[in-house]
Amino acid sequence: MALSIQSLLILFTTLLLKGTLVVAETCSNCFTHSRAAYYPNSDEQGTDVGACGFGSFGATINGGDVSAVSDLYRNGVGCGACYQVRCTNSNYCSDKGVTVVITDQGSSHDTDFILSQRAFGRMAQTKDAAASLLALGVVDIEYRRVSCSYPNKNITIKIDENSNYPHYFAFVLWYQQGDKDITAVQLCETQNFVCKLLDRSHGAVWTTNSPPSGPLSLRMLLSGEDGDESWIIPVNNIPENWKGGETYDTGVQINV
């Protein structure tokens with residue numbers, strides 16, 4: 001029995017909708033169009049006073065290929081995330097672009113990214129093209145979230161210099177690989193495993209005014225864009241007499 005024109009239109013529309021949904025579901029690697037500027041008064045690398053709280057580490061991580069972001073900052077959750085950013089002017093820009101780590105918050109001229117000078121220039125095909133990009137100051141870009149990678153590095157705890165043993169404990173986490181966010185952190189006593197949920201004071205800085213006593217261990221909740229969540233537990237403990245300014249290797253890393 002032949003289908004009517006109306007039935008054929010309904011069938012075609014249904015198939016088209018299903019195809020659109022499949023593309024949407026598999027488009028986590030798609031690029032988003034935006035604009036980018038760079039720190040005009042900075043060194044070639046990033047800033048050591050970024051809103052993420054990384055300090056001098058935030059200026060040099062990833063070789064200085066770092067960026068401030070506006071909406072992608074996400075109240076600090078976006079700190080440490082990595083993005084592939086490439087400009088779209090075919091006269092100057094490479095297909096690969098540059099991979100940056102988010103270390104700061106900011107916007108300029110309706111941009112999503114304010115790159116370090118080094119990262120901005122690395123979007124170009126050549127050194128001469130990089131000079132032309134820097135002269136433009138603001139360029140059209142496209143970006144996507146990618147996995148961070150720190151070969152031969154474990155996730156590292158950096159105790160904030162303002163921490164005051166044993167009353168106030170603050171720290172940031174360095175060298176987190178992968179493309180998931182750390183959305184919660186627990187600090188646990190190693191002897192009886194009593195855990196305390198920490199506060200995100202700002203950026204990537206986790207704090208508590210009454211830290212547990214004795215050697216301590218961490219539990220970090222990783223959350224993906226697909227809603228998947230998992231806890232990662234370091235192998236190494238934080239020593240009982242921890243000190244502000246010290247760094248401690250957790251002994252674990254996220255595979256990428």
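## Asp181 and its partner

Asp181 is buried, at 10% relative accessibility (buried means under 20% relative accessible area, exposed over 50%, partly exposed in between, with a 1.4 Å probe and protein chains only). Its side chain meets that of Arg74 in a salt bridge (2.8 Å, N to O); the term denotes a side-chain nitrogen of Lys or Arg within 4 Å of a carboxyl oxygen of Asp or Glu. Arg74 lies in the loop between strand E2 (66-69) and E3, and Asp181 in strand E9 (residues 181-189), so the pair ties together parts 107 residues apart in sequence. Arg74 is partly exposed, at 31%.

## Basis of the model

The model is predicted: local features need pLDDT of at least 70 and side-chain atom pairs pLDDT 80 or more, whereas totals for chains, interfaces and linings use all residues. Residues are numbered from 1 along each chain as its sequence is written, and side-chain values use heavy atoms, without hydrogens and water.

## The barrel

Six strands form a closed barrel in the order E1-E5-E2-E4-E3-E6, with mixed pairing. Strands are DSSP runs (E, at least two residues), numbered from the N terminus, and two of them pair if DSSP finds at least two bridges between them. Strands E3 (residues 82-87) and E6 (residues 139-146) run antiparallel and are joined by six bridges. Val85 stands opposite Tyr143 in E6.

## Other salt bridges

Arg86 and Glu142 meet through their side chains in a salt bridge (2.6 Å, N to O). Arg86 belongs to strand E3 and Glu142 to strand E6, 56 residues apart. Glu142 is buried, at 14% relative accessibility.

Asp140 forms a salt bridge with Arg35, with the closest N and O atoms 3.3 Å apart.

Key
Helix = DSSP H or I, 4+ residues; strand = E, 2+ residues; numbered from the N terminus.
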